[in-house]
Each structure stands twice: as structure tokens, then as C-alpha cells.
Amino acid sequence: MNGARFVHDRLERAGWQVEIADAQKVKGLAPLACKTDRIDAWVLAELSRRELVPAIWLPDPHVRAERERARWRLHLVRHRSSLKQRVHAVLLAHGKPCPVSDLFGVAGRRLLARLALPEPWYDNVQASLRLIDELDREINDRETELRQLGADHRYVPLLLTVPGIGWVLAYTIAAEIGDIDRFPTPRKLAGYTGLCPRVYQSGESDRRGPLANKDPATCAGRSSRPQPTLAPTAPTASATSGQRPESASSAAPRLLRSTSPADSPKRSGTCSAATNPSLRQAPPTPWPPDGP
């Protein structure tokens with residue numbers, strides 16, 4: 001509910017022992033045909049009486065402050081990226097090329113100052129540049145604060161030993177972990193924080209992806225799906241047609257799936273047999289070029 005954290009803190013200050021139930025686990029323990037606030041309260045009271053409440057871990061005020069600092073910096077970075085993308089979109093809409101690698105660096109600012117854009121796009125670009133400069137100052141201040149706080153954090157020095165993790169990301173991960181003792185196994189810690197690499201297995205193929213949540217730049221969904229089941233088919237003879245050259249291999253395995261374009265999944269332009277050798281060639285159409 002809204003304001004649950006405030007209610008939780010007020011009750012704890014009054015001397016109550018407050019537990020926050022995991023909604024998904026409670027639903028698994030007590031599935032209900034109908035759901036109202038009165039029924040939910042009765043279910044939670046009954047689970048509490050039997051000491052079966054699946055309570056979740058709540059961070060203390062110190063950990064919550066660490067999370068707020070890291071998340072606020074991320075919020076500012078997202079706003080800055082949005083403004084930069086908007087400036088690029090204005091240039092693209094008016095056919096203005098961008099020959100520099102960094103449009104918001106020294107050379108890029110000179111290019112933006114020389115551009116002749118009509119109103120109101122010119123004022124919008126200038127306002128975006130002023131906001132970007134202000135966000136840069138705020139982000140730098142937040143990063144300086146995080147660097148100072150991360151120097152005394154017990155998890156940050158260990159996280160910095162992981163390849164690809166800098167001090168900002170290390171502080172963010174440490175703030176989200178909170179108390180490491182709340183995880184019963186290292187496997188659950190790695191799954192919660194995303195420190196375990198993605199695994200793509202299909203048959204004899206076993207590939208390990210990055211730590212990021214985005215899939216690698218391959219044909220999405222094709223390389224990680226298992227291959228269709230192959231089943232042998234009995235050879236058949238046609239009484240009305242002659243022996244065709246491919247009839248010698250009529251006992252070859254046949255895919256147990258439809259080859260109709262309506263039944264096949266849509267594929268992107270990069271998922272083709274030319275770019276991905278693992279994809280099968282489409283069977284030749286039996287119809288003449290001008291239709292059946």
C-alpha cells in the first residue's frame with residue numbers, strides 16, 4: 001500500500017514487532033477464490049498465529065540512505081541521457097550531420113553554436129544544453145560523495161576486484177545487497193545481484209553471456225531455443241508422377257512443424273540463413289511464380 005514504509009517505521013518506534021509478508025509466497029500458501037481487504041487481513045492474521053508468515057528483509061535506515069544516493073545519481077544520469085537524445089533527434093529531423101564523436105564536447109558545442117535552426121527548435125536545443133550542464137554538475141557532486149562513502153564500505157573493495165566493475169557500480173551493488181548475511185547461499189546472492197553470467201545452452205552448444213541484463217548482439221531467441229524434434233518418415237511412391245531426383249532421400253528426417261509463413265514466428269532482418277548458419281534454409285515453394 002502507499003505509505004507502507006512510514007507505517008512500518010511508526011509501529012516499530014511504538015514498540016511493535018512488524019513483519020512485511022512476501023505477497024507472492026502468501027498467495028502460494030493461501031490461494032483465495034475471492035480477494036478483499038478483510039479476507040487478506042484474516043489470512044495474514046492466521047499465518048501470523050501459526051508463525052508461517054513469509055517475511056521479507058527490510059533494510060535499515062543506513063542502507064536505505066545508501067540506496068537513495070546511488071539511485072538518485074542513476075536518476076540524474078537517465079535525465080541527462082534523455083536530453084542528449086532529444087538534441088540528436090532535432091539535428092536528425094532538420095538534416096544536420098554530426099561529424100564529431102561527442103556532440104556535447106568542445107568540438108560538438110562549437111558545431112551546435114554554428115547551426116542555424118528555426119524557432120522553436122533552436123531555443124529548445126539551447127535550453128537542453130543548459131540543463132545538461134546543470135545535470136553534469138549535480139552528477140559530479142554525487143559521484144564525489146559516493147567515492148568518499150565507498151572508501152569506507154566493507155563490500156566495495158572486494159567488488160572492485162571483479163572485472164568490469166568500477167567504483168560507482170561497486171557502491172551501487174553494495175547498497176542494493178545491504179546485509180550479505182541475509183542470503184542463505186552464494187547462489188542466491190549471485191542471482192539477486194545479477195553477478196552471474198547468462199548461460200545459453202542448446203544441444204551441444206554452451207555459451208556464456210555478459211553480466212548485463214541485455215542479450216548479446218545475436219539473433220534474439222534463435223540461438224537459445226532447442227532445435228525442433230526430428231522424426232523419420234517412411235518413403236512413399238507416387239503413382240501419378242515420375243521418380244524425382246530428391247525421392248532417393250525420401251527417408252530423410254522431416255521437421256515436425258509447419259512451414260507456413262502464417263505459423264512461423266516473425267524474424268528480424270538479421271536472423272537469416274546468410275548471417276546465421278544455424279538457421280535452416282526455407283523449403284522451395286511448389287507453386288509457379290504467377291500463383292497456383
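This is a predicted model: local features need pLDDT of at least 70, side-chain atom pairs count only at pLDDT 80 or more; totals for chains, interfaces and linings use all residues.

Analyst: Residues are numbered from 1 along each chain as its sequence is written, and side-chain values use heavy atoms, with hydrogens and water left out.

User: How far apart are the end C-alpha atoms of helix H3?

Analyst: Helices are DSSP runs of H or I with at least four residues, numbered from the N terminus. The expected span of a helix is 1.5 Å times one less than its number of residues. For the 13 residues of H3 (residues 37-49) this gives 18 Å, and the end C-alpha atoms agree, being apart by 18 Å.

User: Which helix do the buried residues of H3 pack against?

Analyst: Buried means under 20% relative accessible area, exposed over 50% and partly exposed in between (1.4 Å probe, protein chains only). The buried residues of H3 are Val43, Glu46 and Leu47. They lie on the same side of H3, because their arc around the axis, taken from the directions from the helix axis to the C-beta atoms, covers only 100 degrees. The face turned away carries the exposed residues Asp37, Arg38 and Arg49, whereas the buried residues pack against helix H2 (23-29).

User: What is the nearest side chain of opposite charge to glutamate 66?

Analyst: Glutamate 66 lies in helix H4 (residues 61-93). A salt bridge requires a side-chain nitrogen of Lys or Arg within 4 Å of a carboxyl oxygen of Asp or Glu, and buried glutamate 66 has none. Beyond its neighbours within four places in sequence, glutamate 66 is in contact (heavy atoms within 4.5 Å) with His153, Tyr171 and Ala175. With Lys and Arg counted as positive, Asp and Glu as negative, and His and the chain ends not counted, the nearest side chain of opposite charge, at 6.0 Å, is arginine 69.

User: Which residue forms a salt bridge with arginine 73?

Analyst: The whole structure holds 13 salt bridges. One of them, at 3.2 Å from N to O, joins arginine 73 to glutamate 143; this pair links distant parts of the chain, 70 residues apart, in helix H4 and helix H6 (residues 121-150). Arginine 73 is buried because its relative accessible area is 16%.

User: Which residues are linked in a network with Glu138?

Analyst: Glutamate 138 and arginine 142 form a salt bridge of 3.1 Å, N to O. Both lie in helix H6, four residues apart, about one turn of the helix. The network of salt bridges links Glu138 with Arg69, Arg142 and Glu145.

User: What omega does the peptide bond between glutamate 119 and proline 120 have?

Analyst: Most residues other than glycine have a negative phi, and most peptide bonds are trans. Proline 120 is placed in the loop between helix H5 (106-114) and H6. The bond joining glutamate 119 to proline 120 is cis, with omega of about 5 degrees.

User: Is glutamate 51 buried or exposed?

Analyst: Glutamate 51 sits in the loop between H3 and H4. Although not a glycine, glutamate 51 has a positive phi of about 55 degrees. Because its relative accessibility is 72%, glutamate 51 counts as exposed.

Note on methods
Helices (H or I, at least four residues) and strands (E, at least two) are DSSP runs, numbered from the N terminus.
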